[in-house]
Amino acid sequence: MGDSRHILKTLSSRFSGGNKFETFYLIEPFHETYARQMLQLYTALEPYTRIGLQEKVEMYLEIFGNVMIRDVTSKYLISAANNLRRLVTNLGPLPSFEFVDLSHLKYKERDMLESTLKFWSGGDETKFDADKCWNYRLRKHLGTRYDAIPNVFDWDCSITLHDRKATQINSKEYAHWRQYGMAFELREANYNVPNRSLASGRVFRNSAGDKGVYWGYWGDIICSPYLVFGIDTSECSELNRLVNGKHAYAASTISEVNIRKMFWELENQEDCPLHISVPFLDPSTTNDEKVSSQNDPTVENDTDDSKQNMNVENSNSDDCIFMKCK
């Protein structure tokens with residue numbers, strides 16, 4: 001599926017002195033996965049003057065873990081894909097992404113990356129039925145066990161996740177994701193637009209023996225996106241509270257908290273106070289400190305000193321991309 005958690009976590013924590021890493025090396029076997037990394041970083045580094053903190057958190061999680069997204073998120077995805085296409089094809093620099101250098105990519109790799117971004121923006125008019133693709137993968141995977149839903153999902157959640165200490169993942173939200181591919185529905189809104197950023201192109205032969213590229217969903221249908229951001233409660237022990245033997249806060253809520261914290265720290269270059277990262281908690285249950293107005297996310301901050309230099313090079317393998325961020 002592809003995620004940028006390690007880069008985001010390292011960059012957001014470097015301001016507190018916990019990490020001194022300045023160089024990142026990314027090697028991905030598929031260009032779609034690399035494109036998702038670029039999209040996630042592009043979204044995470046959007047300034048608050050363009051997108052508010054909460055809206056950015058919701059858009060990021062939708063793009064990351066939902067096969068269907070809101071209309072407003074779809075419009076943002078199209079805009080971001082078009083901007084990244086300009087970067088890949090050297091049609092102009094991106095103001096918020098100017099530290100990326102793709103000059104070391106081969107033209108073949110640029111073409112494949114540009115083709116993926118063009119599909120995301122809907123430029124090639126190729127249809128992508130996310131619901132149909134998800135249901136096909138699910139039926140193919142379960143086989144005769146498909147009729148045993150939701151018992152199969154309860155078993156998988158218990159054996160695959162809970163027995164491996166990922167108890168923060170609620171069985172109901174896990175079953176909902178397994179059946180519909182929807183991990184983060186943070187608003188009471190219509191999620192009715194296919195998330196093209198989760199699609200990948202694969203070469204298949206048709207009945208006549210001719211090869212062709214078919215776009216579909218070939219990502220995770222078992223483990224869930226909750227494992228990435230939804231099981232770490234080290235920043236706030238209250239999120240790990242149990243009620244009648246079950247976690248009071250689900251993995252989707254924990255994911256939202258962790259993403260909000262990282263995004264705020266990336267923008268403000270300091271530790272995020274709990275009243276911002278976990279706004280729904282009672283202040284009396286935390287040891288949060290008062291924050292001055294200069295730390296407000298609506299105030300524009302000078303982040304020139306925090307900008308990173310990225311260089312992308314091709315590795316020795318033809319099907320890998322090598323990215324260095326320093």
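Let's start with a definition. A charge sits over a ring if NZ of Lys or CZ of Arg is within 6 Å of the ring centre and within 35 degrees of the ring normal. Keep that in mind for a moment. Also keep in mind that this is a predicted model.

Now, which lysine lies over the face of F263? It is K56, at 5.2 Å from the ring centre. There is a second case, with an arginine. R139 lies over the face of Y146, at 4.0 Å from the ring centre.

Let me step back for the overview. The protein has 326 residues, and 50% of them count as buried. It has 11 helices and 10 strands.

Next, ring against ring. A pair of aromatic rings is described by two things: the distance of the centres and the angle of the planes. How many aromatic pairs does the structure hold? The count is 13.

Here is one of them: Y60 with F229. The ring centres are 6.2 Å apart. The planes stand at 70°, and over 60 counts as edge-to-face, so this pair is edge-to-face. Where do the two rings sit? Y60 is in helix α3, residues 53–65, and F229 is in helix α9, residues 226–229. That is 169 residues apart, so to speak a link between distant parts of the chain. Are these two buried or exposed? Y60 has a relative accessible area of 2%, and buried means under 20%, so Y60 is buried. F229 has 5%, so F229 is buried too.

Now a second pair, F204 with W218. The centres are 5.6 Å apart. The planes are at 45°, so this pair is tilted. F204 lies in strand β5, residues 200–205. W218 lies in the loop between β6, residues 211–216, and α9. So the pair ties together parts that are 14 residues apart in sequence. What about exposure? F204 is partly exposed, with a relative accessible area of 37%. W218 is partly exposed as well, at 35%.

Back to Y60. Ring pairs link Y60, F64, F229 and F263 into a cluster. F263 is also the ring with K56 over its face.

α3 and α10 pack at an angle of about 125°, with their axes 10 Å apart. That makes α3 oblique to α10. The crossing is right-handed. Which residues make the contact? From α3 come L53, Q54, K56, V57, Y60 and L61. From α10 come S255, E256, I259, R260, F263 and W264.

The crossing of α1 and α10 is left-handed. In α1, the residues at the meeting place are L8, K9, L11, S12 and S13. In α10 they meet M262, F263, E265 and L266.

Now α3 again, with a new partner. That partner is helix α4, residues 71–88. The axes come within 10 Å and cross at roughly 80°. That makes α3 roughly perpendicular to α4. E55, M59, E62 and I63 in α3 meet V72, T73 and Y76 in α4.

Let's zoom in on α4. T73 has a relative accessible area of 0%, so T73 is buried. Leaving aside its neighbours within four places in sequence, T73 is in contact with M59, E62 and I63. At 55% relative accessibility, K75 counts as exposed.

One last stop: S224, in the loop between β6 and α9. S224 counts as buried, at 5% relative accessibility. Leaving out neighbours within four places in sequence, S224 is in contact with I169, Y174 and W177.

That's my tour. Over to you for questions.

Definitions and conventions. Residues are numbered from 1 along each chain as its sequence is written. This is a predicted model: local features need pLDDT of at least 70, side-chain atom pairs count only at pLDDT 80 or more; totals for chains, interfaces and linings use all residues. Side-chain values use heavy atoms; hydrogens and water are left out. Rings of Phe, Tyr and Trp (its six-membered ring) pair if their centres lie within 6.5 Å; planes under 30 degrees apart count as stacked, over 60 as edge-to-face and the rest as tilted. Helices (H or I, at least four residues) and strands (E, at least two) are DSSP runs, numbered from the N terminus. Buried means under 20% relative accessible area, exposed over 50%, partly exposed in between (1.4 Å probe, protein chains only). A crossing is left-handed if the near helix is turned anticlockwise from the far one by less than a right angle, and right-handed if clockwise. Contact means heavy atoms within 4.5 Å. Axes are lines fitted to C-alpha atoms, for helices over the stretch in contact, and angles run from 0 to 180 degrees between N-to-C directions. Angles under 35 degrees count as roughly parallel, over 145 as roughly antiparallel, 65 to 115 as roughly perpendicular and the rest as oblique.
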